[in-house]
Amino acid sequence: MKEYQTITEISGPLVFVETDEPVGYDDIVEIELSDGETRRGQVLESASDYVAIQVFEGTEGIDRDASVRFLGETMKMPVTEDLLGRVMDGTGQPIDGGPEIVPDERRDIVGEAINPFSREYPEEFIQTGVSAIDGMNTLVRGQKLPIFSASGLPHNDLALQIARQATVPEEEEEGDDDEGSEFAVIFGAMGITAEEANEFMDDFERTGALERSVVFMNLADDPAVERTITPRLALTTAEYLAFEKDYHVLVILTDMTNYCEALREIGAAREEVPGRRGYPGYMYTDLAQLYERAGRIEGREGSVTQLPILTMPGDDDTHPIPDLTGYITEGQIYIDRDLNSQGIQPPINVLPSLSRLMDDGIGEGLTRADHADVKDQIFAAYAEGEDLRDLVNIVGREALSELDNKYLDFADRFEEEFVDQGTDTARSIDETLELGWDLLSMLPKDALNRIDEDLIEEHYREDETAEAVEAEA
């Protein structure tokens with residue numbers, strides 16, 4: 001193994017080294033400082049006479065006397081089932097004071113693309129316990145469904161709630177049998193504050209969710225370069241648990257905006273020609289390499305489902321980060337500032353939210369036969385109520401018809417009872433749908449034009465209508 005002492009330049013997180021032979025792209029590098037400290041890096045650019053290295057622990061303290069060793073292999077993640085319950089830093093080193101990790105194998109963190117021919121179509125329901133997601137924008141195993149949030153909104157609370165509550169319904173039915181797949185959560189945090197990290201860890205430990213989770217923590221004061229490998233370590237672990245150990249794995253990545261900012265910082269240090277708003281032109285490809293690692297493989301029990309969280313700069317969903325994410329993923333969940341200011345938790349706005357794979361993951365045998373019809377009717381009634389709210393501001397409630405007033409009441413109750421459930425309540429899909437019927441029964445039967453008549457006969461509650469009439473009287 002050759003050792004070089006030919007550092008020519010240090011720029012931000014990058015070190016440039018003269019070499020006399022070609023070095024492989026993405027190879028791992030060890031840099032030994034004059035005081036004996038060793039740092040790890042990765043080859044970012046390789047020419048015949050020099051290489052650019054991004055240093056994971058930052059370049060502070062590195063000088064021209066430092067020795068550079070090229071290890072001749074790409075970065076690998078040591079994987080084993082024993083990772084469950086462990087907490088790692090952003091480079092995959094344990095930080096929980098636990099024992100050394102003895103890996104079953106070491107896997108390349110870039111991963112291998114799933115052959116499209118081998119992909120199985122995602123169509124099995126994951127119950128998050130959150131009505132606004134389960135009832136209206138259902139998450140399906142193998143899907144990638146991002147949460148679009150903004151600065152100051154409680155997306156972290158929602159992430160923790162889902163990490164705590166998410167289950168695969170048939171797993172509950174089977175109990176502790178060996179048959180069936182277990183459920184695991186991989187939590188990858190990028191660029192979060194120490195305060196947020198403490199909140200996450202307190203919640204994981206308090207609720208016992210840590211036992212079935214692997215946590216990767218990259219803090220805001222950690223080097224930006226480290227942020228680019230944290231999600232890859234998390235996804236490599238997820239793929240191993242899903243496709244080798246038959247787990248259904250939910251990967252929660254927060255915050256993808258910090259990840260993209262790191263890409264921009266590294267791009268600027270490399271003096272690359274910037275793309276839209278200063279982000280590198282390859283950001284779409286880079287994000288796709290992460291998001292497309294979700295899915296199911298034919299013949300394998302396990303699945304990798306992704307729930308990336310991003311904060312939209314300036315609440316702008318046309319910003320490059322949410323814009324590109326929306327192109328790659330199968331829908332999005334919107335966290336709404338107005339609902340949050342009304343004290344509704346979680347403040348999910350179901351109208352612009354979308355789960356493109358929902359229709360295949362609900363219905364008889366998956367959730368319940370009435371799920372699709374109930375969802376369609378609630379969407380229609382809530383949208384009608386939202387439109388009427390604008391009208392009421394102009395003409396007042398007295399100018400509206402009796403039915404219009406019922407739609408207005410429906411929209412209010414939908415937000416207060418269906419969406420607002422707090423961060424500690426887990427609702428089963430049956431509870432969510434029954435709550436939907438309670439609300440729909442405020443409306444007259446002939447207004448339920450998106451629900452099959454047989455389902456109306458079976459589930460419609462006459463007493464709800466009577467109560468609504470009495471309340472008006």
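This dialogue walks through a few features of a predicted model.

Student: What should I know before reading the values?
Tutor: This model is predicted: local features need pLDDT of at least 70, side-chain atom pairs count only at pLDDT 80 or more, and totals for chains, interfaces and linings use all residues. Residues are numbered from 1 along each chain as its sequence is written, and side-chain values use heavy atoms, leaving out hydrogens and water.

Student: Is Arg-69 buried or exposed?
Tutor: Buried means under 20% relative accessible area, exposed over 50%, partly exposed in between (1.4 Å probe, protein chains only). Arg-69 has 15% relative accessibility, so Arg-69 counts as buried.

Student: Which side chain makes a polar contact with the side chain of Arg-69?
Tutor: A polar contact is a pair of N or O atoms within 3.5 Å; within protein, one must be able to donate a hydrogen and the other to accept it, and residues adjacent in sequence count only if both atoms are side-chain atoms. Here the partner is Glu-3, at 3.3 Å. Arg-69 and Glu-3 lie 66 residues apart along the chain, yet their C-alpha atoms are separated by 4.8 Å.

Student: Which side chain joins Asp-26 in a polar contact?
Tutor: Gln-42 does, at 3.4 Å.

Student: What does Asp-26 touch?
Tutor: Contact means heavy atoms within 4.5 Å. Leaving out residues up to four places away in sequence, Asp-26 touches Gln-42, Val-43, Glu-73, Thr-74, Met-75 and Val-110.

Student: Is Ile-394 buried or exposed?
Tutor: Ile-394 has a relative accessible area of 70%, so Ile-394 is exposed.
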